[in-house]
Amino acid sequence: MSSEIEIIKDKSNYLRGTLKESLENEITGAITSEDNALLKFHGSYQQADRDLESERKHQKLEPLHSFMIRVRLPGGISRPAQWLAVDKLADLYGNGTIKLTTRQTFQLHGIFKRNLKKTIRQINDSLMDTIAACGDVNRNVMSNPNATQSPVHAEVAETAKRLSEHLLPKTTAYHEIWLDKQLLVGGEKDEEPIYGKTYLPRKFKIAIAIPPHNDIDVFANDLGLIAIVEKGKLTGFNVAIGGGMGMTFGNPSTYPRLATIIGYIPKEKIIDVAEKIMLVQRDFGNRDDRKNARLKYTLDRLGVEKFKAELYARLGYELEPEKPYTFESNCDAYGWLKGTDGKWHLTLFIEGGRVVDGENIKLRTALRKVAEIHQGDFRITGNQNLIIANIPTSQKKEIEKILFDHSVLSSQDLTGLRLNSLACVALNTCPLAFAEAERYLPKLIDKLDEIVIANGIEKEPIVVRMTGCPNGCARPYLGEIGFVGRAPGRYNLYLGAGFSGDRLNKLYRENLNEQEILETLKPVLEDYASTRENGERFGNFVVRKGYVKATLEGKNFHN
C-alpha cells in the first residue's frame, strides 16, 4: 500500500493541489496538511515558533505559523546583486537573518503566509528560484566551492548547474502558483518526462567533490561524483551511490550510510548516468514506507550488483573501473587565498551558518556593504561558511577594511573545534527537533574550548556536528564528535568518523546532559592530547584506542 504522501502526489495535478486556495485563506496562518506536503516541492516548509507554543495555547490561539523558503542555488554560487536581494527580503518579509545551509544555499525564516508568494516572486526577479529546493525530487546540486582551482572548478560548477537544470521538475505549477504565469495553452497538459506523476519515493541529493577536498561530504549523497583531474584537465568522475544521513530512533532498519563507488565515467556521460541512476531509484525505491525510501535502502535491498545491472540495462553501456583519488579533509580552508588567475578569495567562518548582526560583530551589515561594491561572486560552502570569491587585487584592501571595521575579520581567530562545527536549525522552528542545535552548540563549544586550550590542542581541527533530531541535516554521523538531540538538553554522543568524510562515527554514550557531555569528553580529549600519534586525527585516534569500533558500513551503524 502506498504511503499517504504518494496518494497526495498522485492526485495533486503535478504539484498544484489546492495550494492557491490555501494561500488565499485568511482565517488561518497555516495551509492544509496535504498542501504542506506539496509546498516542499516548491521550496518551502511550514513551521511554527515552538518557543511560543504553550503561551499561545493558553491564549487559545493557533501556533504562530510561518514559512521557511529555500533557494535553489547549484554549487552555492551567487552574484552580489542576488546576495543583496536575499538580504533585503530577510528584513522585508523574514526574521532579519539569512541562513546558509549545509547544501550550499540560502534559507529565509519567519515568513508569514500573506508574504510567501511575494517573497518567492522577488527571489525569481533576482534570477534565482526555489523550485525543487525541497520535496521528493533532485535537490540543490552541490559542488566544491574552492575557487582557487579555477579552470577545473569552473567546469565542475557548470556541471552542477547542468545537472540541476536537467533534473528539474517540468511541471508548470510553480510558474502558475507563484509567478501568475500560465505556460500551458489550449488543450496542453502538464507532464513529467523524467519523474512521472508521483515523482521520486524520497528526496535525491547530488554532490560533486574535487580531490583532495571533500568539503561537500560527497559520500553523504544519493549520488556523489568525485572529479578525476589528469594533467590539469577534468576527464570524468568516479560515481558513488547510496549515501544518506537520516535515521529514526528506535528503528534499526534505518541508518546513515556512506555512498558506494561503482565505477568511473567520462565527463561527457554525466547527465545520462545521473538521470538513469535516479530512474532506477524512481522505479525500485520503497513507496510504502518513507523511512526506508531513500536510495541507500534501495541499494542495500537490491544489492550493488543487481542495481548496477539495472543501471547498465538503461544506459546501454557499463561504467569503467574507478580511478585513484585522495581526500585529505572535509573542512574549509579559512582566510585569504590567491587563485590561479590572480584573483583573491576569502573564506569566512559563519557560526551555525547564520548571517546576523550581533552585539559586537556586525556580520550581516558588513556582507551587505561588501556586496554593494564586490565585482566577483559569493560562494556558500557545504560547511555553512562563506567565500567572498574572485576579488580583484584592486578591491582586496577595501573589502578587508569593511570586514575589520565591522569586527568580522578580527573574530576569526578561533579554535579548531569551533571552526569545524556544524549545526542544523532545530528549535525553535523545526517541527522535527527534539533539542536545540544551532542556538546551543556555540555555548557548548565555549566549554569544550576550555578543555582543548588547557591541553594545548586548541588549533587541532576536530570535526563537530550537532543536530536536534536524528534526521541528519548537519551530517552529524560524519562528525569526529557528533551530537544528536534526544530531548531538550539531552544528546546522544557519537565518536570516530573519518576526518575526510570517508567513515561514519559510532554511538559512544546515550542521552547525556551538558555536564555529562563535558565529563565524558574531557578524559578522551586529554588522552588525545597526550598519546596521539604524529598527525593522527581525532576520529582515527578514538577508533585506535578502542573508545568505539569503526563503522565500516551503514548496516552495521547500530552494532
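Analyst: Buried means under 20% relative accessible area, exposed over 50%, partly exposed in between (1.4 Å probe, protein chains only). The model is predicted: local features need pLDDT of at least 70, side-chain atom pairs count only at pLDDT 80 or more, and totals for chains, interfaces and linings use all residues. Residues are numbered from 1 along each chain as its sequence is written, and side-chain values use heavy atoms, with hydrogens and water left out.

User: How many aromatic pairs does the structure hold?

Analyst: Rings of Phe, Tyr and Trp (its six-membered ring) pair if their centres lie within 6.5 Å. Planes under 30 degrees apart count as stacked, over 60 as edge-to-face and the rest as tilted. The number of aromatic pairs in the structure is 18.

User: What kind of pair do Tyr440 and Tyr491 make?

Analyst: Their ring centres are 5.7 Å apart. The planes of Tyr440 and Tyr491 meet at 15 degrees, so the pair is stacked.

User: Are Tyr440 and Tyr491 buried or exposed?

Analyst: Tyr440 is in the loop between β16 (421–423) and α15 (441–454), while Tyr491 is in strand β19 (residues 490–495). Helices (H or I, at least four residues) and strands (E, at least two) are DSSP runs, numbered from the N terminus. The pair links parts of the chain 51 residues apart. Both Tyr440 and Tyr491 are buried.

User: What kind of pair do Phe541 and Tyr547 make?

Analyst: Phe541 is buried, at 0% relative accessibility. Tyr547 is partly exposed at 23%. Their ring centres are 6.3 Å apart and the planes are at 40 degrees, so the pair is tilted.
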